[in-house]
Amino acid sequence: MNVRALAAKVLNQVVEQGQSLSQALPVLQQDLSPKDKALLQMLCYGVLRTLPRLDFFCRSLMQKPLKGKQRVFHFLILVGIYQLLYTRIPSHAAVGETVNGAKALNKQALKGMVNGVLRNFLREQEALIEKADQNDTLVYCHPGWLVKRLQNAYGKDKAASIMLANNQQAPMWLRVNAQHHNVESYQLLLEELDLSSYVASDNENKNALCLNKATDVYKLPGFEQGWVSVQDGAAQLAAHYLDAQPGDLILDACAAPGGKTVHCLELQPKIAQMVAVDADATRLLRVQENLDRLKLTATIIHGDASEPDLWWEGEMFDRILCDAPCSATGVIRRHPDIRWLRRDSDISELVALQKSILNALWKKLKVGGTLLYATCSILPEENDLQIKAFLKQHQDACLIPLSKKYDDILQGRQLLPNEDAMDGFYYAKLKKTS
Ligand SMILES: C[S@@+](CC[C@H](N)C(=O)[O-])C[C@H]1O[C@@H](n2cnc3c(N)ncnc32)[C@H](O)[C@@H]1O
């Protein structure tokens, strides 16, 4: 199968049919060689990172937009322009393979049209690029509603740097299993394979290593034996901040796929019980897979975190991790489709869901116990404003400072995308006082 044609199909499914990239991509990647898999991924991620800009070029070169069944050819053209602008693929090969993509999509008749648009682009690119560079939407490549929210929250300049960070490729972070190695000894194992890495700049992030170049997980020493896992540095802070102690009864309330559940268990093997809950039964299967690979155990429950009475009659918890469903605006560099799939109206719905989950979980926390609230969002409504409102409504809650004081105005810690090479994340730790 022609890889450019497959990329056009994936992009059509994501942009026109609202499927996530993580749903659409693996299905079409299945039968490809590793090299073609990587190319398909690079094309899909790249086009989604630069979508409005490529759209603008395509629209400028065509008299009428392609619609209905022909829409997939619009994305084929975007794939073509993307290669010409942002990859080292020689232009003759990029054009030739993309034109062949039209044939692979069973439309021999459209080959000429695709060829014509790409060749015109090559001729007119300088003027088109100059025009695009005058328009912020075409420079930052984010939807207008998100630009507005980021500018309101952070001001124009900081919002611009956040958006540029969102358009970067995210590095591959590893979490070294504290039961087997420390980061220094694992780093030596990596060096033997010519894999260079560096430790997290945050010294509380004790298990995190960032690879200078991504690699296949199966090439990582001891991956199958559970010596190491792939997890962003910012996500790894959760287990350190939760700080589980021997004998604790712990609830991970939005647990799937289980990255933070297993990290807590790696750090503190003497936990009395870890209860991992998620509302998505399919995603819960991944929690079990992670536990199996790392030879760890937890009680897995399929349930709604906003209604714990339906699935928990046991003791109150010592510690609760609430890694709440959120806009995922902190992880756009890893999921470039998020910005096109999310809508402005989703934010208030998510804020309401987070509030109801927080309120419900609070009732299951022991007096003296702690709740760590986390999101991979960078929007204050889901983070600091959410926690401020919670504290106002709960006289029995107080904020515990995270190990360092990050910002006097904030209730917790807001990491921005690409800060120390990590994802955008938010953490706040609450204690039940009475
Ligand atoms: C940010 S992800 C969790 C990531 C996970 N903690 C990890 O580190 O691997 C949020 C999770 O919340 C789950 N979720 C959404 N609504 C929920 C609800 N009402 N109750 C429980 N889980 C929910 C989603 O299925 C999703 O798996």
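Reply: Strand β1, residues 173-176, pairs with strand β3, residues 208-211, in the antiparallel sense, over three bridges. Two strands are said to pair if DSSP finds at least two bridges between them.

Some ground rules apply throughout. The model is predicted, so local features need pLDDT of at least 70 and side-chain atom pairs count only at pLDDT 80 or more, while totals for chains, interfaces and linings use all residues. Residues are numbered from 1 along each chain as its sequence is written, and side-chain values use heavy atoms, with hydrogens and water left out.

The β1-β3 pairing belongs to an open sheet of four strands, ordered β2-β3-β1-β4 and paired in the antiparallel sense. At its edges are β2 (197-199) and β4 (228-230), each of which pairs on one side only. From one strand to the next, the twist averages 30 degrees. Angles here run from 0 to 180 degrees between N-to-C directions, with axes taken as lines fitted to C-alpha atoms, for helices over the stretch in contact.

Helix α13, residues 259-267, lies across β1 and β4 and runs at about 35 degrees to β1. Contact means heavy atoms within 4.5 Å. The loop between β5 (249-252) and α13 holds Pro 257. A cis peptide bond joins Pro 257 to Ala 256, with omega about 5 degrees.

On the side of β2, the loop between α11 (183-192) and this strand contains Asp 194. Asp 194 has a positive phi of about 65 degrees, although it is not a glycine. With a relative accessible area of 73%, Asp 194 is exposed. The cut-offs for relative accessible area are under 20% for buried, over 50% for exposed and in between for partly exposed, using a 1.4 Å probe and protein chains only.

Next come the aromatic rings. The structure holds ten aromatic pairs. Trp 173 and Tyr 198 make one of them: their ring centres are 6.4 Å apart and their planes stand at 65 degrees, so the pair is edge-to-face. Trp 173 is in β1 and Tyr 198 is in β2, so this pair ties together parts that are 25 residues apart in sequence. For the rule behind this, rings of Phe, Tyr and Trp (its six-membered ring) pair if their centres lie within 6.5 Å; planes under 30 degrees apart count as stacked, over 60 as edge-to-face, and the rest as tilted. Trp 173 counts as buried, at 1% relative accessibility, whereas Tyr 198 counts as partly exposed, at 34%.

What covers the buried residues of α14 includes β1, β4, α13, β6 (273-278) and β7 (299-302). Those buried residues are Leu 284, Val 287, Asn 290, Leu 291, Arg 293 and Leu 294. As background, an α-helix has 3.6 residues a turn, so residues three or four places apart point the same way. At 1.5 Å a residue, the 14 residues of α14 should span 20 Å, and the end C-alpha atoms are 21 Å apart, which agrees. The expected span is 1.5 Å times one less than the number of residues.

One of the buried residues of α14, Arg 293, also lies over the face of Phe 223, at 4.1 Å from the ring centre. A charge sits over a ring if NZ of Lys or CZ of Arg is within 6 Å of the ring centre and within 35 degrees of the ring normal.

For another example of strand pairing, take β9, residues 365-375. Eight of its eleven residues are buried, so β9 is largely enclosed by the rest of the structure. Strand β8 (residues 317-323) pairs with β9 in the parallel sense over six bridges, and Leu 321 has Leu 372 in β9 as its bridge partner. Strand β12 (residues 425-432) pairs with β9 in the antiparallel sense, also over six bridges. There, Thr 370 stands opposite Lys 431 in β12.

Note on methods:
Helices (H or I, at least four residues) and strands (E, at least two) are DSSP runs, numbered from the N terminus.
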